[in-house]
Amino acid sequence: MSDVVVEVTGLKKSFGTLDVLKGIDLQVNRGDVVCIIGPSGSGKSTLLRCVNLLEEPTGGKIVVDGAELTDPDVDIDKARTKIGMVFQSFNLFSHLNVLANLTVAQRKVLKRGEQEAQEVALRNLERVGLSDKVNAMPAQLSGGQQQRAAIARALSMDPDVMLFDEPTSALDPELVGDVLGVMRQLADEGMTMLVVTHEMQFAREVADRVLFMDGGYVVEEGPAEQVIGAPQHERTQSFLARVLDPTHHGPRD
Amino acid sequence: MALSKRQRARAIRIGQYALLVVVVVALALSADWEQVRKAFFNTEIASAMFPNVITVALKNTIIYTALGFAFGLALGLVLALMRLSSVAPYRWIAMVYIEVFRGVPALLVFIAIYYGVPIAFQLQFDPLSTVMLALGSVGAAYMAETIRAGIQAVPKGQIEAARSLGMSSARATVTIVIPQAFRIILPPLTNELILLTKDSSLIYILGLFREQYELTKFGRETLSRSPSLTPILIAGLCYLIITLPLGHLSRYLEKRTGGKKISTPESTGLGVSA
C-alpha cells in the first residue's frame with residue numbers, strides 16, 4: 001500500500017448557484033503536515049469539510065485510507081472514525097464532562113469497554129496537558145482548554161489523519177500558543193495533518209507543504225519556505241503582504 | 001393654581017392610593033365577617049376533610065398527573081422526531097395529530113376515551129388508564145412542539161462533532177441531541193406539568209370510586225354535603241401546594257439556562273431524523 005492517506009481529485013462543490021470549489025487536486029502522504037491558507041471565502045474550509053464528507057461534494061473523487069468517500073455505498077460512519085476533525089468553535093458536547101466527551105464515541109462507535117475507553121482518554125488528555133480537567137464541564141474551561149480537549153477527543157479514536165478547521169481563530173491571542181504547541185507536538189510525533197489556518201508562523205515552521213487557495217482553486221502549492229517565503233503568484237504575494245504586514249496597506253478598493 | 005407635570009403625577013398617585021383605602025375600609029365595615037368565615041372557611045367542614053383530602057385526593061391528583069405526563073412525554077418525543085423526519089408522511093401524521101389534539105377541548109378527549117371507545121370497540125378503560133391516555137394524548141401534542149423546538153435549538157456544531165466521530169445520524173440524535181434538547185426545554189416542560197396538574201381535574205366526569213377521587217372531585221363531593229365554599233377553597237389550596245413550587249422551579253430553571261427563549265423555526269435542515 002502506497003502511503004497516500006488523503007487523495008482528492010477534481011473536487012467540485014457548489015452551494016446552489018455559488019461555485020465554491022472549482023476543481024481541487026490534493027494529496028496528503030502519511031506523516032505529512034499540509035497547511036491550507038487563503039482569504040476568507042476562498043473555499044479552504046469547504047475543502048476540509050469535504051474530506052470527511054460533512055459537505056457533500058458536487059463532483060470529483062475523495063479517497064481517504066483507501067476508502068472512496070464519494071462512492072454512494074461507502075460506510076461513511078466507519079470511514080469517519082479514521083478521520084479526526086477539530087472545529088473552529090471546539091464543539092465539545094456541552095452536556096458531558098471532559099472525560100465523557102472523550103469516551104462517548106469510543107464506547108458507542110468503536111464499542112470499546114469502559115475501562116479501555118477511559119485509559120485511552122486519560123492518555124490523550126495527558127498529551128494535550130489537561131490531566132487535571134478530567135471531570136470539568138466544557139463551560140468551565142477556557143477556549144484554549146476546550147480546543148485541546150477537542151483535539152484529545154479526536155485523537156482518542158486513533159485516527160489516521162487529523163483535520164483542523166481554523167483551530168485557533170476563535171481563541172483569545174494569549175491562548176493560541178497552547179493549541180499550536182499541541183499541534184506542533186502532534187506533527188513531531190508523525191501525525192498526518194491537514195490544517196486550515198491563518199497562523200502563518202505555524203504554517204512556515206511546521207508544515208511540510210502549504211497550499212494557497214483563492215476563488216475555489218489552489219493557486220500555489222509547495223514547501224512552506226517557498227509559498228510563504230518566496231511566493232511566485234501575484235495573488236499569493238498580495239494576500240501574504242496583507243496578512244504579514246497588515247498596517248502598511250490601504251483597504252482593498 | 002397650575003400644577004407642574006411632576007406635581008400632577010404625584011396627586012394622581014395619591015388619589016389612586018386613597019381610592020384603594022376607601023374601598024378596602026368600606027368592604028371591611030360592611031361585611032358580615034361571621035358569615036364570610038362560614039361561607040369560605042368553616043373550620044368544622046375543613047377539619048372533617050382531613051386527612052382524606054391529602055392522603056386520597058392530593059395523592060391521586062399527583063398520581064394521575066404523573067401518569068399522564070409520563071405517557072405524554074414519551075408520545076411527545078415520538079411526535080417531535082416524526083415532525084423532523086425526512087419521511088414526509090411521518091411529518092404529516094405528526095402535524096395532523098398535534099393540530100387536532102391542541103384544537104379540541106381536553107374534556108372531549110376524556111369523554112371519547114371513557115365513553116366513546118367502549119361503544120365503538122367493546123374496549124373499556126378503567127379510570128386510571130383513561131386519565132393516563134387522555135391527559136397524555138393532549139399533553140403530547142403540546143410537548144411535541146416544545147421538544148421539536150428544543151431539538152432544533154441544539155447547535156449544529158454539536159451534531160457535526162458527533163457525526164465526525166463516526167456516530168450515525170440516529171446515534172447522534174439519541175446520545176447528543178436529545179439530552180441537550182431536554183436541558184433547553186426543562187422550563188417549558190415544567191409549565192406543561194402545571195397545566196396537566198390542573199387538567200387532571202377533568203377526570204371528575206368519570207364514574208369513580210371514593211378512593212379514586214382527586215382534588216376537584218373530592219371538593220365537589222364534600223360540597224354536596226356541606227353548604228359552604230370551604231371544600232372548594234381547600235381543594236384549591238391543595239392545587240397550589242403542587243403548582244406554586246413547580247412555577248418557582250420553572251422560573252429558576254429558566255434563569256439558570258440564561259433565560260434563553262427558544263425560537264421555533266419551521267425548519268433548519270439539521271440532520272436529526274430518527
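Where the two chains meet in this predicted model, the contact draws on 21 residues of chain A and 17 residues of chain B. About 1,700 Å² of area is buried between chain B and chain A, and carbon and sulfur atoms give 60% of that area. Within the part that chain B buries against chain A, 35% is supplied by B:Glu160, B:Ser164 and B:Leu165, which is more than any other three residues supply.

**Pairings across the interface**

- Between chain B and chain A the count of salt bridges is 2.
- One salt bridge joins B:Arg163 to A:Asp77, and the closest N and O atoms of this pair lie 3.4 Å apart.
- Across the interface of chain B and chain A there are also 8 residue pairs in polar contact, with both residues of each pair at pLDDT 80 or more.

**The side of chain B that touches chain A**

- Two helices of chain B, α8 (156–164) and α9 (169–199), each supply at least two residues of the side that touches chain A.
- Helix α8(B) provides the largest share of that side of chain B, namely 7 residues.
- Sorted by class, the side of chain B that touches chain A holds 4 charged, 7 polar and 6 nonpolar residues.

**A:Val182, a residue in a helix**

- A:Val182 sits in helix α6 of chain A, which covers residues 173–188.
- Is A:Val182 buried or exposed? A:Val182 counts as buried because its relative accessible area is 7%, and the cut-off for this class is under 20%.
- Once the neighbours within four places in sequence are left aside, A:Val182 is in contact with A:Val128, A:Arg148 and A:Ile151.

**A:Glu220, a residue in a strand**

- A:Glu220 belongs to strand β10 of chain A, which runs over residues 217–222.
- Although A:Glu220 is buried, it has no salt bridge, and the nearest side chain of opposite charge, that of A:Arg235, is 8.9 Å away; a salt bridge would need the charged atoms to be within 4 Å.
- What does the side chain of A:Glu220 reach at 3.0 Å? The atom reached at that distance is the backbone nitrogen of A:His233.
- Apart from neighbours within four places in sequence, the residues in contact with A:Glu220 include A:Val210, A:Leu211, A:Phe212 and A:Val227, and among them are also A:Pro231, A:Gln232, A:His233 and A:Thr236.

Terms used: Residues are numbered from 1 along each chain as its sequence is written. Chains are lettered from A and ligands numbered from 1 in the order in which they are written. This is a predicted model: local features need pLDDT of at least 70, side-chain atom pairs count only at pLDDT 80 or more; totals for chains, interfaces and linings use all residues. Side-chain values use heavy atoms; hydrogens and water are left out. Contact means heavy atoms within 4.5 Å. Buried area is the accessible area (1.4 Å probe) that two parts lose on being put together, summed over both. A polar contact is a pair of N or O atoms within 3.5 Å; within protein, one must be able to donate a hydrogen and the other to accept it, and residues adjacent in sequence count only if both atoms are side-chain atoms. Helices (H or I, at least four residues) and strands (E, at least two) are DSSP runs, numbered from the N terminus. Ala, Val, Leu, Ile, Met, Phe, Trp, Tyr, Cys and Pro count as nonpolar, Asp, Glu, Lys and Arg as charged, and the others, Gly among them, as polar. Buried means under 20% relative accessible area, exposed over 50%, partly exposed in between (1.4 Å probe, protein chains only). Lys and Arg count as positive and Asp and Glu as negative; His and the chain ends are not counted.
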